[in-house]
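Please have the sequence and the coordinates open as we proceed.

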Amino acid sequence: MKLFLKPSLAILFAATVFTTSSCSNDEDPLPENEEELITTLKLTMVPQGGGTTVTASYRDLDGDGGANPVITGAQLAANKTYEVTVQVLDESKSPAEDITAEVQEEGHEHQFFYVPSPGLNLTVTSTDKDSNNLPIGITTRMMTTSSSTGTLQVVLKHQPGLKNATSTINTGETDVEVTFPVQIQ
Amino acid sequence: MRKYINYLVLLLLCACVPLASAYAQSGPTAAETVSEKDCGITLSGTVTDHERRSVLIGATVVLEGTPHTSVTDANGHYHFHDLCPGTYKLVVSYLGYTSERLEKFFRAPEVVNFRLHPDALLLRSVEVRAARQREQPTQASSHLSGRELAQTQGQSLAQALERMTGLSSIQTGPSIAKPVIHGMHSNRILVMNNGVRHEAQQWGSEHAPEIDPFVASELTVVKGAAGVRYGADAIGGVILVEPKPLRDSAGTSAVLNLVGVSHNRQGVVSGMVESNPAAVPSLSWRLQGTLKQAGNSKTPDYYLDNTGYREQNFSAAAGWTREKYGVDAYFSRFHTKLGVFSGSHVGNLTDIRNALQRERPEPEADFTYAIGVPYQNVTHDLLKLHAFYRTGPSGKLHLTYARQFNQREEYDAHGDRSRPGLRFEIETHHTEALWEHPLIGNLKGSLGASYQYQFNRFEGRFFVPFYESHTGGLFWIERWEKNQWHLEAGLRYDYRHLQARMYRKDTPQRTGQAGPDNELLTPTHTFQNLSGTLGAIYDFGPHLNLAFNAATAWRSPTTSELYSNGIHHGTGTYEYGNANLGVERAYNFMATLAYVQNKRLNGEISVYRNYIDNYIYQEPDTVPTLTIRGAFLTARQKQANATFTGVDVSASYQLTEHLAFATKASLVRAYNRSADEYLIWIPTDRYENSLRYTLDKLGAQGTFAQNFIQLSGLAVARQRHIPDNYLARDYAMPPASYFLLNAEAGTTLQLGKQQVEIGLIGRNLLNKAYRDYLNRFRYYADEVGRSITLRVSIPLHF
């Protein structure tokens, strides 16, 4: 028995050492793939009764961390009404993916909130409704009055099962939260 | 992945060689195995006093049912020669001591030592098993087995371990708990599952050990640095999850366990069947499996949405044991799908502040077993092959190979719900050779070598990179016992090579288009170091002993500490790794005074100080990380010198024959010596008292046996030992202290020939709303409320 045993145990040990020590993996990492990456939020502001269309944008093409985002603010005319459309995009993909449509589709659990800083003479009203007749905020009407400077915060909230007549900017999880410098003159 | 399968096949073939050759040698019939030519077995051992550990001269050892008797000599030794393989009953008796007996199938020469208990000490109907004596470690340690372990059925491993002094758990909601030993967890403690280092995504505080607690017949915790035997990383301690040894006496038995838990309407079915066929005495096997399902947990005032989970686990083991050698194989799979509490779905810092303002988490929830997004899907496989070969009368050589595969999928609330947002796969191969050398005088010891290969990959969003590591170790432990002294010394050397693979992060590289801006980085790290241990036990007398241990252990930074880069979901933190981290080293000193085997008062006190140089921890940055989703707390990995100091006390007092009072307390203080302030997220002071009434027989013919009822109160203090500018590091101050009233009862029911063991456990009986400092979801919701567990265990013999 010994005759068989010792060599076979030696083989077992040699095999295990061989197995583990010869493990080596040359696999290259897969490209990162963030599901639902939002890189860009864009506001397109069309003045009523003529004038130049204004575009404000927040772009962070490499996602969280890494390079700093590029923020373009808005210069608005005083005493003017703008019809505004917001877009959220994933511009890391080619062609860029428009995530706004998905927000629209799930409008009953999403809402955009617009918060002008105190002193900025700007009022924002939602002009769209979800399936429950609650505002989504993809399209809005912004009205300026006298010259002033400040910021406009745009927040997209995901409110699954939470969105109702009393839900607020403090309800749910934040999908987007950006702040633009705004000048009214 | 696929190429490992080839290796495995090769390995299995190799493992089968000794098995097949042995079979061919011994012949297929059982009659032959017990033929005269094999009747050369010697059973021998030493009989000692349990407390004094002094040898007992003149103790009688009888092989019941045979004419053989042996009387221990001047060294306490007894021996029986020329025995044939078979089942023997050893009965050891000595005047003034309780007799002990052991029934076992012996197929090879064996050393069986007995420690006898003085008669007067058998107060309660404790189950005295004449097991082979356990080496008392010089480090503080605790065990959980038998009925006390059974009472934890339905709980997670970490919750079960909370019964031991010095242990607590770090939680992420009601379904995820990780054990904490002396204030340390995750990367600083090791879990040995059936003798194999459990290798998974230990670094995450929301990644609980992927082990089915029903596998264990004994849980042991070694507290303090224990790196010599188990390898680097065991800075805070080691948890040993040990299954029952395979049957060594002929027969087939099974056990069925049923558990129901009220707060989450959890149901558990767990079964085990094992056999040692009489026709093939060398073979033993076991099959075991567990199914679990739980729904939303309930706090005193509300349900916690999406906190249900499901678990399906199984294991299979088989062994072939002969006189001189044996081989065994073990495979286990753990699979769980668990929901992540909806109230913790927070994005940025503003969301967390909003959550803190709420009295109740949103959304309002009802009870359901359904699991929605986000959820985790975790699978852990372990394959272990082990062989031993006897080298002389008391020496033994062990060879072990183990392969583990851990897959963790995190499904997010956003995006494509058919695919995980993040998938980790970690594969580990481990080989160990261990030689327990024959006794040299009073010296007993072992030498060993181990090697481990690990590979980690991920898909989806980046958090921890691909990496590959090779770890090799050599160790040597000796133990010397004479009279009142037990000395222990050990040394270990480990070498670790780590290579990470990732794309450069500060460039637009998420498109996956390799290019100059999308460079593949392959940083490598090499760590090597020594671990050591030195310990002693001195017996002052039969009831009092003092153990002292000094140990040093180290760990290398983990890949997540070196390279993590991303948002840690649910914590509102953007975590940055630090590639410049160096080795963390612990110098651990511990003294344990034990007053044992007394008629009324028994107790143990353990004090420790663990100096940790270059302790790796997360320090929040004053500047938050701005993303398109708003601001996140920035956390960076730093190193500082720290000290963990603490004391564990446990004592019991037998008030009457049936009534006993027990008390337990644990205190730990963790201090950052470099910054001159306390560390955060350290367990708070715990103090538990209990009153237990036991009654051995009840009912007409003693239908109810081993009855007990216990009432206990647990007080957990508010953490007051915190740094000054606390809210710069955490979102909320440590929660208030709390008190919980718990109760337990149990009985063994004799229904004809069938036994049924029943246990009832009530937790948080006063339905107190409270929050625990070590729960990462304490910002969002209360802990679970009143919960009743009913468990039934039915042993079956065929």
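**Chain B: strands, a helix and domains**

I begin with a pair of residues: in chain B, Ser446(B) faces Ile477(B), which belongs to β25(B). Before going further, the model is a predicted one, in which local features need pLDDT of at least 70 and side-chain atom pairs count only at pLDDT 80 or more, while totals for chains, interfaces and linings use all residues. Residues are numbered from 1 along each chain as its sequence is written, and chains are lettered from A and ligands numbered from 1 in the order in which they are written.

Ser446(B) and Ile477(B) stand opposite each other within an antiparallel pairing of β24 (residues 443-460) with β25 (residues 466-482), both of chain B, over 14 bridges. Two terms are needed here. Strands are DSSP runs of E with at least two residues, helices are runs of H or I with at least four, and both are numbered from the N terminus. Two strands count as paired if DSSP finds at least two bridges between them.

The link from β24(B) to β25(B) is a hairpin of five residues.

Let me turn to helix α6(B). Which residues of α6 (residues 349-357) of chain B are buried? They are Asp351(B), Ile352(B) and Ala355(B); buried means 20 or more other C-beta atoms within 10 Å of the residue's own, exposed means 12 or fewer, and partly exposed lies in between, with C-beta atoms placed from the backbone. Viewed down the axis of α6(B), the buried residues fall within an arc of 100 degrees, so they line one face of the helix. That arc is taken from the directions from the helix axis to the C-beta atoms. Leu356(B) and Gln357(B) are exposed on the face turned away from the buried side of α6(B). The cover over the buried residues includes an element of chain A, β11 (173-184).

Next, the sheets. One is an open sheet of five strands in chain B, in the order β9-β14-β15-β12-β13, with mixed pairing. Its edges are β9 (141-145) and β13 (196-197) of chain B, each with a single partner strand, so one side of each has no neighbour in the sheet. Inside this order, β14 (residues 218-223) and β15 (residues 237-242) of chain B pair in the antiparallel sense over six bridges, and Lys223(B) has Gly237(B) of β15(B) as its bridge partner.

A second open sheet of chain B has four strands in the order β3-β2-β5-β6, with antiparallel pairing. Here β3 (69-71) and β6 (100-106) of chain B are the edge strands, each pairing on one side only. β2 (residues 60-64) and β5 (residues 86-93) of chain B are antiparallel over five bridges, with Leu63(B) bridged to Leu90(B) of β5(B).

Finally, the domains. Chain B is divided into domain 1 (34-121) and domain 2 (178-278 + 290-311 + 333-797), with bounds from an automatic or database domain assignment. The C-alpha centres of these two domains of chain B lie 39 Å apart.

Key: Contact = placed C-beta atoms within 7 Å.
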